[in-house]
Amino acid sequence: MHEASIALSLIEVACDVLREHGASRASALTVRVGQWSSVVPEALIAAFPACAEGTPLEGATLTIERVPGVGDCPDHGPVELDVRRGLRCPLCDAPTSTLVQGDELELDSLEIA
Ligand SMILES: [Zn+2]
């Protein structure tokens, strides 16, 4: 259910972009999903077609681009995080409380039909 509401809000954003360009339909869209966001890409892809039905995105191909998590280590600066280890620097194990990237959920590109 969570992914369906996410799909719907993505479709809303995409429709705004289409309107801005005076386009009526999209054939494909790419969405950036952070590895640390709570979104399950497979579930989002599964939920998308039904949510897109009757919208300008009906039949469009959804591609998901996964964005790795990057934390900010006090000693090492930005470091790529390992999801299994949590918010810790992989080099020195220091807690990296700030997530520099990896929690995004955004429309990256839209292919106008
Ligand atoms: Zn470190």
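Within strand E6, Glu111 is the bridge partner of Ala28. The structure is a predicted model, in which local features need pLDDT of at least 70 and side-chain atom pairs count only at pLDDT 80 or more, while totals for chains, interfaces and linings use all residues. Residues are numbered from 1 along each chain as its sequence is written, and side-chain values use heavy atoms, with hydrogens and water left out.

Helices (H or I, at least four residues) and strands (E, at least two) are DSSP runs, numbered from the N terminus; two strands pair if DSSP finds at least two bridges between them. Strand E1 and strand E6 (residues 105-112) run antiparallel and are joined by seven bridges. E1 also pairs with E2, in the parallel sense, over seven bridges; Val31 stands opposite Ile64 of E2. Residues are called buried under 20% relative accessible area, exposed over 50% and partly exposed in between (1.4 Å probe, protein chains only). Eight of the nine residues of E1 are buried, so this strand is largely enclosed by the rest of the structure.

A nonpolar core is a set of buried Ala, Val, Leu, Ile, Met, Phe, Trp, Tyr and Cys residues joined through side-chain atoms within 4.5 Å. The largest such core has 23 residues, and those with the most contacts inside it are Ile11, Leu29, Leu44, Phe48, Leu57, Leu62 and Leu110. Two or more residues are given to this core by each of helix H1 (2-20), strand E1 (26-34), helix H2 (41-52) and strand E2 (61-67). H1 supplies the largest share, eight residues. Contact means heavy atoms within 4.5 Å; when residues up to four places away in sequence are not counted, Leu110 touches Ala14, Val17, Leu18, Ala26, Ala28, Leu29 and Leu57. Another core, of five residues, lies apart from the largest one and includes Val79, Leu81, Cys89 and Ala94.

The zinc ion is coordinated by Cys73 (SG), His76 (ND1), Cys89 (SG) and Cys92 (SG), at 1.9 to 2.3 Å. Donors are N, O and S atoms within 2.8 Å of the metal (3.2 Å for Na, K and Ca); water is not among the atoms, so sites may look incomplete. The four donor atoms subtend angles of 105 to 114° around the zinc ion, which makes the arrangement tetrahedral, a term applied to four donors if all angles lie between 85 and 135 degrees. Along the chain, the donors follow the spacing C-x2-H-x12-C-x2-C. Cys73 in strand E3 (residues 70-73) and Cys89 in the loop between strand E4 (77-80) and strand E5 (99-101) are 16 residues apart, and this pair links distant parts of the chain. Cys73 is buried, with a relative accessible area of 3%, and Cys89 is buried at 0%.

Gly77 is found in strand E4 and counts as buried at 18% relative accessibility. Leaving aside neighbours within four places in sequence, Gly77 is in contact with Gly71 and Asp72. Gly77 and Leu29 are 48 residues apart in sequence and 33 Å apart in space, C-alpha to C-alpha.

A disulfide is a pair of cysteine sulfur atoms within 2.5 Å, and a search of the whole structure finds zero of them. The sulfur of Cys51 is 12 Å from the closest cysteine sulfur, in Cys15, which is too far for a bond. Cys51 counts as buried, at 14% relative accessibility.

Conventions. Tetrahedral: all angles 85-135°; square planar, octahedral: opposite > 155°, others 65-115°.
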